[in-house]
Amino acid sequence: MPANAQRLNSPADEREVFLQDMLTALSGRPKQTSPKYFYDEVGSRLFDRICELPEYYPTRTERRILEQHGAEMARALGPRVMLVEPGSGSSTKVPLILKHLREPAAYVPMEICLEHMVANLGPLEAAFPQLEILPVAADFTRPFSLPTPRLRARRRVVFFPGSTLGNFTPDEARQLLRTLRRVVGHGGAVLLGVDLQKPSEVLIPAYDDAQGVTAAFNLNLLERANRELGADFNIGNFSHRAVWNADAGRIEMHLVSRCPQAVHLAGETFHFATDEAIITEYSHKYTQPALQSLAAETGFALHRTWEDEKGWFSLQYWVAVD
Ligand code: AVJ
């Protein structure tokens with residue numbers, strides 16, 4: 001583990017939390033797990049492959065907006081920024097901002113999977129040798145503390161791309177944004193990447209691609225529970241499904257039981273009926289008016305937005321208001 005990396009929770013802690021969350025999930029009606037459990041090393045690598053899929057437009061669309069408007073965004077953020085990125089994954093987007101930032105104080109990537117995060121910081125360290133990089137291995141949905149960079153930062157900015165905000169229900173999203181408001185503090189800001197509403201003919205293939213990579217990403221959750229928790233999911237008895245829930249404005253990913261079956265975990269037995277589903281992820285798709293009010297409800301003012309020519313994806317610059 002690199003000297004400057006912080007791990008806020010021990011692997012044993014993480015495993016115990018995963019176990020309790022799975023037991024709660026499998027006891028639920030409907031059964032529902034958190035999408036954060038997709039991202040072990042296998043899942044993180046599958047997600048990297050999803051980002052390259054022809055059907056999965058969010059990553060490349062956001063990347064194009066960052067390439068076209070990165071300099072403007074950096075001007076809006078100003079000099080000596082401490083840039084915090086929750087759910088940084090492979091940190092492949094942040095260089096498009098960092099390269100335009102004046103004297104950034106530090107970059108703080110946050111990821112649950114320390115190994116995957118650190119394994120992908122090499123190119124960034126090479127590209128920005130002056131920049132202090134302070135990785136934090138933590139679950140940003142749980143209370144966390146931030147490291148103090150050598151250089152005194154003029155302001156804190158949270159960079160939250162990729163529409164990860166979409167994983168959260170509206171109430172959870174408000175709660176998370178209020179946490180990020182406290183994290184950035186007075187004079188701080190967030191730079192959000194958010195996927196926008198569009199026809200379901202575009203959305204559903206993006207979450208159910210022809211090559212089956214998203215299906216493997218979804219099923220890996222069960223393989224991970226078998227690997228790490230000693231569960232006995234029969235992977236072949238479950239199938240991947242992506243549905244567009246128009247009323248809730250979200251894509252839902254499900255793992256559907258193909259037959260009546262029982263799964264055992266930590267001495268407990270969980271029964272599945274045919275066609276019974278585990279909800280494994282929500283991916284909410286936003287509209288501009290909804291984002292405008294979400295900013296106001298969570299202690300921010302929407303200052304700037306940048307969109308692609310199709311209006312499929314949006315980068316939002318929100319400034320903290322007291
Ligand atoms: C990383 C949460 C933004 O919801 O689009 C990709 C994850 N799930 N394919 C998304 C995901 C299925 C992705 N986020």
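Which residues have the most contacts inside the largest nonpolar core? The close-up views below are taken from a predicted model.

**View 1. The largest nonpolar core.** This core has 35 residues, and those with the most contacts inside it are Phe233, Phe238, Leu265 and Ile278. At least two core residues come from each of the helices α1 (11–27), α2 (41–50), α8 (200–206) and α9 (213–229), and from each of the strands β8 (238–245), β9 (250–257), β10 (261–265) and β11 (268–272). The most is given by α9, with seven residues. Apart from this core lies another, of 32 residues, including Ala106, Val158, Leu176 and Trp318.

**View 2. Surroundings of Leu265.** With neighbours within four places in sequence left aside, Leu265 is in contact with Leu19, Met22, Leu23, Leu26, Leu229, Ala231 and Phe270.

View 3. The ligand is surrounded by 13 residues, of which Tyr56, Gly162, Tyr207, Glu281 and Ser283 are the closest. Both α2 and β12 (277–284) supply at least two residues of the shell.

View 4. A side-chain N or O atom of Tyr56 is 2.6 Å from an oxygen atom of the ligand. For Tyr207, the distance from a side-chain N or O atom to a ligand oxygen atom is 2.6 Å. A nitrogen atom of the ligand lies 2.7 Å from a polar side-chain atom of Glu281. Of the 350 Å² of accessible area that the ligand has on its own, the protein covers 97%.

View 5. Cys259 counts as partly exposed because its relative accessibility is 22%. The structure holds zero disulfides.

Note on methods: Residues are numbered from 1 along each chain as its sequence is written. This is a predicted model: local features need pLDDT of at least 70, side-chain atom pairs count only at pLDDT 80 or more; totals for chains, interfaces and linings use all residues. Side-chain values use heavy atoms; hydrogens and water are left out. A nonpolar core is a set of buried Ala, Val, Leu, Ile, Met, Phe, Trp, Tyr and Cys residues joined through side-chain atoms within 4.5 Å. Buried means under 20% relative accessible area, exposed over 50%, partly exposed in between (1.4 Å probe, protein chains only). Helices (H or I, at least four residues) and strands (E, at least two) are DSSP runs, numbered from the N terminus. Contact means heavy atoms within 4.5 Å. A disulfide is a pair of cysteine sulfur atoms within 2.5 Å. A residue is near a molecule or strand if one of its heavy atoms lies within 4 Å of it. A polar contact is a pair of N or O atoms within 3.5 Å; within protein, one must be able to donate a hydrogen and the other to accept it, and residues adjacent in sequence count only if both atoms are side-chain atoms. Accessible areas come from the Shrake-Rupley method with a 1.4 Å probe; for residues, only the protein chains shown count as cover.
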